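Here are a few exercises to work through with the model open in your viewer. Try each one before reading its solution.

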Amino acid sequence: AGAVALKAGQWLTVGGKVDEALAWYTEAEKTFAKSDRDMPALLYWHAATMIQGGQIGNQGQRADKVRELLNRVVYDYGKSEYSGLATIALEQINQNN
C-alpha cells in the first residue's frame with residue numbers, strides 16, 4: 001500500500017497539484033509510519049516535491065522542513081536506496097543557502 005501512496009503523490013506532483021501532493025505525503029507518512037519499508041521513499045519524495053515546487057530557498061522554515069525530511073532518510077533509513085539521493089540533495093541545498 002505504501003508504494004501505491006508514493007505513486008499517488010508522484011502523480012499529483014506531475015499533474016501540477018503540488019500543494020495536494022504535499023498534503024498527500026504528510027498523510028501517507030502518518031499512515032505508514034510503522035512501515036520502515038515505505039517511509040524512506042515517502043520522506044524523500046515529500047522533500048523532492050517541496051524542492052520542485054519552489055518551496056525552499058531563503059524561506060528558512062520551508063528549507064528546515066526539507067532538511068528535516070532528508071535527514072530522516074539519511075539517519076533513520078541509512079541502508080535504503082534513497083539515503084544516497086537524500087545526501088546529494090542535502091549537499092546541494094547547503095551549497096545554495
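Buried means under 20% relative accessible area, exposed over 50%, and partly exposed in between (1.4 Å probe, protein chains only). Helices (H or I, at least four residues) are DSSP runs, numbered from the N terminus. This is a predicted model, where local features need pLDDT of at least 70, side-chain atom pairs count only at pLDDT 80 or more, and totals for chains, interfaces and linings use all residues. Residues are numbered from 1 along each chain as its sequence is written, and side-chain values use heavy atoms, with hydrogens and water left out.

**Exercise 1.** Work out which residues of H1 are buried and which exposed residues sit on the face turned away from them.

*Solution.* Start with the helix itself: H1 covers residues 2-14. Its buried residues are Gly 2, Ala 5, Leu 6, Gly 9, Gln 10 and Thr 13. Just past H1, Gly 16 has a positive phi of about 80°.

**Exercise 2.** Check the span of H3, then see how covered it is.

*Solution.* The expected span is 1.5 Å times one less than the number of residues. For the 14 residues of H3 (39-52) that gives 20 Å, and the end C-alpha atoms are 20 Å apart, which agrees. As for cover, 11 of the 14 residues in H3 are buried, among them Tyr 44, His 46 and Met 50.

Definitions and conventions. Helices (H or I, at least four residues) and strands (E, at least two) are DSSP runs, numbered from the N terminus.
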